[in-house]
Amino acid sequence: MLSTIVEQSVNGIVTGSVYAIVAVGMTMIFGVLRAINFAHGEYYMLGTFGAWFSIDYLGLSYEASIVVGVLATIAVAYVVGQLVMRRMVGAPAESGVLATLGIALILQNTIILVFGGGYKFFAGGYIEPVSILGFSLAQQRILILVVCLLVFIGLELMVSYTRLGMAMRAVSQNVECCSVVGIDVPQVVLRTFMLGAALAALSGVLTAPVNVSVYGGMGELITFKTLPIIIMGGLGNVRGTFVAAMILGVAESLVATYVGLQFRDTVGFATLILMLMWRPHGLFSTQARF
C-alpha cells in the first residue's frame, strides 16, 4: 500500500513537471498582459508535431527534433505575437479571450488539415526503464523532471538578473509607468509571449515519448489543465504555479490509481470549480508576480 502511494506520487510529480513547464508560460503571459491565453495548449501541440515531423519525415534524431520543434513554435509565436498579442496591450480582457480562442481554432484546424485528424505514433525518446530505490521509472520521465527544475531555476535567474526579466516584472506591476519611463511594453509582451510558447513546445516534445501518440486536438486538454494550475497558484505567480502543478499532478495520479482512470481528467476541473468558489485569487498571493 505504502509503496504504491510512493510510486504514484513520483509519477504525479513527473506529470506535475509537465504541467508546470506549460503553465509557467501561461502565467508569465498573464502577468504582462492581464489576459489568459486560451491558445497556449496549441503551442504544446505545435512543438510535438514539429518534433514528430522531424523524426518521421526528415529522419532527424530525437535530440535534433527537440530543437526543431521548439524553434518552429517560436517562429509561429513570433508571427502571432506581432499580429495579435502586441495589440492586446491595454485592451479589455474580453478582447484577449476572443483573440486567443480564435488563434487556438486556427492553429488546431491547420494541423488537422495538413496532417489529418488521426493519431500519429511518436518514435523518439528514451523509454528504457531505470530502477531507483526499488522503483522503475522511464529515462524520459527522469529527463522531464530534471528539465522542469532547470527551467524554473533559469526563469528565477532571468527575472532577477537580466534586463528582460526586470522589464517583465515592471510591466507586470504597472504598464502605464513603464510606458512613461521608456520601456517598450509591446516588445516586452512579444518576448514574453515567445518565451511562454517555447516552454509549452518544450513540454510537448518532452512528453510525446511518454504519451506515445500525437494528434491535432491534444493542445485543448492541456490548456484546460493549466487553467486550474494558474488560478490555484495565484494568477501571474510563477512560484505558486510550480507548487500548484505538483499538487495537481500528484492528485491526478492518486485519483487514477484509487478511484479510476476515467476520473483523472476531472480532478483539474473539480479543482478549478472549488478554487473559484473558495479562493478565486488562488492559494498564493497574486501580488508576488514573477
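The dialogue below moves from the overall fold to the annotated spans, a surface patch and the cysteines.

Modeller: Please keep in mind that this is a predicted model.

Biologist: How many helices and strands does the protein chain have?

Modeller: The protein chain contains 11 helices and 4 strands. Its radius of gyration is 19 Å, close to the 19 Å that the globule rule gives for 290 residues, so the chain is as compact as a globular protein of that length. The C-alpha trace spans about 60 × 45 × 35 Å along its principal axes. As for burial, 48% of the 290 residues count as buried.

Biologist: Which residues does UniProt list under "transmembrane region"?

Modeller: An unreviewed UniProt entry lists residues 12–36, 66–85, 97–122, 142–159, 188–208 and 267–284 under that heading. Such annotations may be inferred rather than shown by experiment. Residues 12–36 are 88% helix and 0% strand, and their end C-alpha atoms lie 25 Å apart. Residues 142–159 are 100% helix and 0% strand, with 26 Å between the end C-alpha atoms.

Biologist: Which residues form the nonpolar patch on the surface?

Modeller: The patch consists of Val-243, Ile-247, Ile-273, Leu-274, Met-277, Trp-278 and Leu-283, which together have about 730 Å² of accessible area. Two elements, α10 (238–258) and α11 (266–278), each give two or more residues to it. Helix α11 gives the most, with 4 residues.

Biologist: How many disulfides does the model have?

Modeller: A disulfide requires a pair of cysteine sulfur atoms within 2.5 Å. By this rule the count is 0. For Cys-177, the closest cysteine sulfur is that of Cys-178, at 7.1 Å, which is too far for a bond. Cys-178 is accordingly in no disulfide, its nearest cysteine sulfur being that of Cys-177.

Biologist: Are Cys-177 and Cys-178 buried or partly exposed?

Modeller: Cys-177 counts as partly exposed because its relative accessibility is 44%. Cys-178 has a relative accessible area of 3%, so Cys-178 is buried.

How values were computed
Residues numbered from 1 in each chain as written. Predicted model: local features only at pLDDT ≥ 70, side-chain atom pairs only at ≥ 80, totals over all residues. Heavy atoms only, no water. Patch = residues over 30% accessible without salt bridge, like charges linked within 9 Å, V, L, I, M, F, W, Y side chains within 5 Å. Areas by Shrake-Rupley, 256 points an atom, 1.4 Å probe, with all protein chains shown as cover. Salt bridge = Lys/Arg side-chain N within 4 Å of Asp/Glu carboxyl O. Buried < 20%, exposed > 50% of the residue type's maximum accessible area, 1.4 Å probe, protein only. Rg over C-alpha atoms; globule rule 2.2 N^0.38 Å.
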